[in-house]
Amino acid sequence: MTVGNLKLGVDIISAHNLLPKDGQGSSNPFVELHFDGQRYRSTIKEKDLNPVWHESFYFNITDPTNLHTLTLDAHIYSNIKATQSKSFLGKVTINGNSFVPYSDSVTLHYPLEKRGIFSHVRGEIGLKVYITDNPSLKSSTPISITDENSSENRHTFHTLPKRNNNEEEQQQQNNRQAVEAPPHYNSTKYTANEMKVPEPMPPPKLVHMHSASSSQPVDFALKETSPFLGGGRIVGGKVVKTDRTTAGGTYDLVEKMHFLFVRVVKARELPAMDVTGSLDPYVEVKIGNYKGITKHIEKQQNPMWNVVFAFSRERMQASVLEVVVKDKDILKDDFVGFVRFDLNEVPMRVPPDSPLAPEWYRLEDKKGEKIRGELMLAVWIGTQADEAFPDAWHSDAASPLDSSAAASALIRSKVYQAPRLWYVRVNVVEAQDLIPSEKTRFPDAYVKAQIGNQVMRTKPVQSRNFNPLWNEDLFFVAAEPFEDHLVLTVEDRVAPGKDEVIGRVIIPLNMVEKRADDRVIHSRWFNLEKPVLVDVDQLKKEKFSSKLHLRVCLDGGYHVLDESTHYSSDLRPTAKQLWKPPIGVLELGILNAVGLHPMKTRDGKGTSDTYCVAKYGHKWIRTRTLVDNLFPKYNEQYTWEVFDPATVLTVGIFDNSQLSGEKGKDVKIGKVRIRISTLQTGRIYTHSYPLLVLHPTGVKKMGELHLALRFSCTSFANMLYTYSRPLLPKMHYVRPFTVVQLDMLRHQAVNIVATRLGRSEPPLRKEVVEYMSDVDSHLWSMRRSKANFFRMMSVFAGIFSAGKWIGDICTWRNPITTVLVHLLYLMLVSFPELILPTVFLYMFLIGVWNFRFRPRYPPHMNTKISQAEAVHPDELDEEFDTFPTSRNPDLVRMRYDRLRSVAGRIQTVVGDVATQGERVHSLLSWRDPRATAIFVTFCLVAAVVLYVTPFQVIAALAGVYAMRHPRFRYRLPSVPVNFFRRLPARTDSML
């Protein structure tokens with residue numbers, strides 16, 4: 001497009017179901033358009049609640065680079081002749097980044113919005129908004145001041161009966177002949193046939209860019225989008241029906257993608273190709289440059305495959321599908337026969353239709369003649385909503401990687417169910433009649449408990465008999481189904497570094513009692529069995545009288561924390577009988593990713609093989625891997641039940657490193673966190689999230705991930721009730737864990753989840769699970785420490801501002817304000833019952849005022865808040881260091897000294913706080929007898945004075961004294977402050 005001739009075209013089509021405003025059950029509507037300081041007005045339609053205009057207006061675009069920051073406002077008014085005024089009927093605001101070229105524009109019917117809280121509107125307006133550079137088009141004449149204030153200058157039209165199509169076409173032909181009209185606000189009118197864009201551009205999807213801070217780079221900000229999804233175009237969180245809208249279905253949060261599905265079921269009576277009369281058949285499905293291959297079956301003339309292939313229609317460049325049967329050979333595979341399909345004849349299948357029945361097709365040779373052998377196939381065109389889509393082999397991975405069906409196991413989309421985790425509580429009470437190897441000494445015994453790779457020990461007990469007592473709790477994490485046993489070993493510390501086994505107990509976890517509350521678990525005595533071999537699986541048991549007293553249970557009343565507490569996606573207890581009904585449904589549409597950084601090199605160019613992982617509750621999902629694509633389109637939709645709004649959905653994107661012989665770790669590209677409580681119910685959120693990742697060289701944007709979200713509430717009352725319930729299950733408060741125990745158990749839980757998900761097909765690798773679960777969020781980082789400090793300062797910023805305001809009042813910086821505060825203070829002191837109502841009314845008014853500025857988009861990662869913009873390289877290197885450290889000693893010593901200096905300042909602050917508290921205690925401790933005597937005497941006098949003087953008088957005098965004029969103030973500290981600072985503290989006793 002030519003930048004100098006760019007204009008914004010607006011076709012006002014019609015309005016529907018407007019409010020009557022003339023007192024006679026009707027209205028006289030007209031439309032005012034506002035854009036970049038220009039205003040145009042349509043004609044007035046008298047006595048019409050469903051007016052039709054078909055009028056066009058054109059605005060000059062002065063600065064195309066600033067177009068995304070502008071908005072188009074369309075206001076509908078009703079003309080009131082009697083008072084020569086107008087009455088508001090509704091408005092529509094369209095953001096600048098939703099403007100598209102004329103070739104991509106469609107008529108959208110926007111629901112009318114309110115102008116204020118008390119506005120009452122209804123109906124919708126149909127507009128067609130587009131950008132054109134046609135030099136023959138001239139901008140419309142804007143509204144003048146006299147036109148705006150005088151109703152005589154307006155054209156008024158009455159609604160006429162609808163004409164037939166021939167009349168409309170004749171009228172459009174007449175309009176084309178008009179080059180320039182008289183100068184009026186509606187004078188210039190052009191029809192759609194005149195709009196010719198020489199080079200149509202793809203429609204930009206960006207609507208608005210959000211940044212939580214003015215200093216946040218715009219490139220790192222969240223971007224709202226307006227895509228066409230299955231249910232229609234999304235504008236402002238609502239679905240706007242268009243002529244391109246297809247029938248809504250289950251997949252209404254993704255763009256509909258069509259695939260050619262080929263199901264290869266089996267073959268029969270295939271001809272023998274080898275000299276020996278055997279056949280090793282396989283099937284090759286080819287369309288254009290894409291092909292999929294089944295596995296070969298040895299020596300079988302009636303093979304069965306039952307494999308589905310999916311080819312993306314938008315990437316196909318052929319009109320013929322070939323299904324070829326070949327014989328696997330050492331040197332060269334032999335051709336057996338093939339079946340051809342014309343894509344124009346392939347049927348369309350739309351769920352919930354039943355699956356297409358496969359048919360037998362006779363094979364043909366290369367000359368097109370029928371030969372022996374038949375192939376059972378089903379060929380159809382469907383979408384990603386098809387049942388065969390998740391398990392199908394996809395053409396996105398056809399080249400340059402292995403195109404066999406076996407390789408597709410690593411790239412297909414899957415839903416994973418994380419194992420149900422239990423806390424195992426082992427209360428080691430005591431042992432009885434232990435028999436150490438040396439009969440002349442009492443054992444220095446302890447108990448070692450083990451479940452899988454988890455090992456815990458009690459404290460050694462040096463008792464004066466052979467019956468040591470521990471009464472110590474040990475905690476483990478176990479996952480259903482229980483595969484590991486609980487193994488307890490009583491060991492005797494004979495010498496430093498030398499322990500001897502006294503006996504063992506093996507308890508299957510599926511035999512352990514389960515509980516969902518705090519009821520007492522009955523204890524049991526277990527016989528200790530002394531093994532000859534150390535290997536637990538090959539114990540040669542020998543019975544003797546030693547016993548171990550235990551209480552063992554599976555605690556189902558807790559929620560097993562397997563992720564960072566701040567980003568928990570599930571807060572339900574383990575026991576299912578304690579689960580509450582769901583409060584809503586969360587739907588996620590993973591649309592696409594753009595601008596991804598290449599994560600590997602293939603054939604001399606950078607590329608990526610990406611897939612997305614989303615985690616919420618026990619349900620993990622993984623999209624299919626799109627190979628060799630830096631702009632992948634996933635368009636997959638998933639659903640979760642929501643039990644608590646204070647939970648977080650996490651979506652990550654990774655590069656698959658398991659294809660074509662690669663065996664490295666899957667590389668993280670970025671992730672997005674979305675808190676459910678920040679979402680409005682029923683609204684569709686379509687945003688492009690920047691993938692911000694912290695690297696050793698600084699923060700980098702790895703691309704953008706385009707998501708569509710919708711949270712639907714099934715029970716509003718239950719959702720409100722959850723805000724009054726504890727965040728965690730009851731057992732976390734009745735019998736809480738220590739912080740150290742929680743960290744240890746969380747680490748164990750993440751390892752178990754990673755192990756179980758890694759055994760799936762395709763596996764979710766350990767590095768993926770750890771990255772999604774934020775396992776390293778508790779490790780020390782100077783950057784995080786700074787970020788948390790500044791977060792704390794921002795929290796107390798309001799208190800600091802209030803203190804500064806009170807200081808200004810006391811110093812009479814603004815005398816009028818100070819006098820008003822004096823009067824308000826005296827009124828509240830005189831009527832103390834007004835204090836709390838005033839405070840709550842003030843907070844109510846603040847909340848109502850802030851409602852106008854409420855955030856309308858989910859929060860996202862902010863580099864300013866995270867202190868990631870100007871972080872020192874050495875601090876980043878320290879953050880990415882392993883634990884324990886792998887750096888050289890000199891660097892570690894420097895970092896240790898730096899940490900000592902920071903800790904020294906913190907130590908000083910903590911000591912100052914402790915000093916002030918100790919001075920308060922010394923008021924009555926007689927540590928300083930003279931100071932305590934003065935304070936006690938003051939308390940006696942104060943008690944007498946307060947008893948005989950009304951409280952209002954005391955409070956009024958104290959307030960007036962505190963806010964006294966600076967003329968009556970001294971720069972020296974007050975007497976109470978001097979007295980308090982002279983009190984003794986325990987600093988004298990510090991070494």
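In this predicted model, the cover over the buried residues of helix α5 includes the strands β25 (414–417), β26 (421–432), β28 (454–457), β30 (469–479) and β40 (619–622), together with helix α6 (766–773). The residues of α5 that are buried are Leu745, Arg746, Gln748, Ala749, Val750, Ile752, Val753, Ala754, Arg756 and Leu757. An α-helix has 3.6 residues a turn, so residues three or four places apart point the same way. Helix α5 itself runs over residues 739–757, 19 residues in total. Its span from the first C-alpha to the last is 27 Å, close to the 27 Å expected at 1.5 Å a residue.

Helix α7 gives the largest share of the patch, five residues. Phe800 belongs to helix α8. The relative accessibility of Phe800 is 49%, and this residue is therefore classed as partly exposed, since the exposed class requires over 50%.

The protein chain has a mean pLDDT of 83, with 87% of its residues at 70 or more. Over residues 144–214, pLDDT stays under 50, and the model has 134 contacts beyond four places in sequence for this stretch. The pLDDT is also below 50 over residues 538–543, a stretch with 12 contacts in the model beyond near neighbours in sequence. Where pLDDT is low, the predicted coordinates should not be read in detail.

Technical notes
Residues numbered from 1 in each chain as written. Predicted model: local features only at pLDDT ≥ 70, side-chain atom pairs only at ≥ 80, totals over all residues. Heavy atoms only, no water. Helix = DSSP H or I, 4+ residues; strand = E, 2+ residues; numbered from the N terminus. Expected span 1.5 Å × (residues − 1). Buried < 20%, exposed > 50% of the residue type's maximum accessible area, 1.4 Å probe, protein only. Contact = heavy atoms within 4.5 Å. pLDDT = per-residue confidence, 0-100.
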